[in-house]
Amino acid sequence: MSSHSPDDLNYGGLDPRDALLDKARVVLIPVPYDRTASYQKGTADGPRALIEASTHMELYDDELGVEPYTIGLHTIPPVSGNDDSPEAMVAKVEEAIAGYLAMGKMPVVLGGEHAVSVGAIRAYLKAHPRLSVVQLDAHGDLRDSFEGSRYNHACIMRRVAEERIPTLQVGIRSLSKEEAEFIRERRLAVVPAGEFMRRPETALQAVDRLTDEIYLTVDVDFFDPGIMPGTGTPEPGGPGWYETLDFLRELCRRRQLVGFDVNELRPIADDKSSDFLAAKLVYKIIAYRFFADGRRID
């Protein structure tokens, strides 16, 4: 754990020498945006809360026996905010992601509402034309538009589906009738939360049918609100911590994780548990992506 002032925040509270851009493999990109949030706003405060919580993490991963931060983690200032329209936000995120991909970095988006993922996925798709997208989420996010915007947080996977990208949606337990019909029409791969918890191998079998390069998008309302109350649209009956880590570790073993995002953290003033879970989740995904059996992989 490291100690830094609020004005000198970088993910993990790293010493600035360990967070230099030129040495970093991962670039963390905060997008404090919740302009289209339709229930509880506050996810614009999520990226900063996540980064603040990360400064209190132990940087040693006792499961893998490694220190993941040694690959280099660089945190940049926010690339957008609520002054931007959804379309402008998406364009700014796409431009930022594309720039860091061109530098050979892995940019990781920290939202904000889930709409921030659209620009990231577009940039990754241009760099990895055979991309598949795995979504961990309580909601389908397959509406064509919602509350007047096609870039609403409820529409992200519809925009992905329009690109004919192979997808896998895990943890889903809230859909509109129209979304359910769209899933049937397109024969989309969906593993509901109950099935994931009863038979986790179902999700891994679906992973095996995807392309080799994976983009992972995580809405933290995927988790049961008993362990993740700090989110904009909580849904009962979600997965827990360890079954989720089991899935993520195996996903990284079976496929190449080229990028990811974590979104929809809505901080609670006097309860930091959600902030810390989201911060630790980012670190675990980085660990699984870059280390196997105690060895660094690239």
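Which residue in E3 is the bridge partner of proline 30? I looked it up, and the answer is leucine 110.

**Ground rules.** I'm working with a predicted model, where local features need pLDDT of at least 70, side-chain atom pairs count only at pLDDT 80 or more, and totals for chains, interfaces and linings use all residues. I number residues from 1 along each chain as its sequence is written, and side-chain values use heavy atoms, with hydrogens and water left out.

**Overall look.** I found 9 helices and 10 strands in the protein; helices (H or I, at least four residues) and strands (E, at least two) are DSSP runs, numbered from the N terminus. The C-alpha trace spans about 50 × 45 × 40 Å along its principal axes. A compact globule of 298 residues would come out near 19 Å, and the protein has 17 Å, which agrees.

Next I looked at cover. Buried residues make up 58% of the 298, where buried means under 20% relative accessible area, exposed over 50%, and partly exposed in between (1.4 Å probe, protein chains only). The accessible surface is about 12,400 Å², and 48% of that belongs to carbon and sulfur atoms; these areas come from the Shrake-Rupley method with a 1.4 Å probe, and for residues only the protein chains shown count as cover.

I also noted the contacts, meaning heavy atoms within 4.5 Å. Of those with a separation of 6 or more, 77% are between residues 24 or more positions apart.

**Strand E3.** Back to where I started.

E1 and E3 run parallel and are joined by 6 bridges. E3 also pairs in the parallel sense with E8 (residues 256-263), over 3 bridges. Leucine 110 turns up again here, with valine 262 as its bridge partner in E8.

**Valine 26.** I picked this one in strand E1 (residues 26-31). Leaving out residues up to four places away in sequence, valine 26 touches several residues, including Met106 and Val108. Ile286 and Phe290 are also among the residues it touches.

**Strand E5.** How many of the residues of strand E5 (residues 167-172) are buried? I count 6 of the 6, so the strand is largely enclosed by the rest of the structure. E4 (residues 131-136) pairs with E5 in the parallel sense over 4 bridges, and leucine 168 is the partner of valine 134. E5 and E6 (residues 189-192) run parallel as well, joined by 4 bridges, with valine 170 partnered by valine 191.

I also saw that E5, helix H5 (residues 177-186) and E6 make a right-handed β-α-β unit. Right-handed means that, with the strands pointing away from the viewer, the path from the first strand over the helix to the second runs clockwise.

**Leucine 277.** My last stop was in helix H9 (residues 273-290). Leucine 277 counts as buried, at 11% relative accessibility. Beyond its neighbours within four places in sequence, leucine 277 is in contact with Phe223, Ile227, Met228 and Trp241.

Technical notes: Pairing = 2+ DSSP bridges. Rg over C-alpha atoms; globule rule 2.2 N^0.38 Å.
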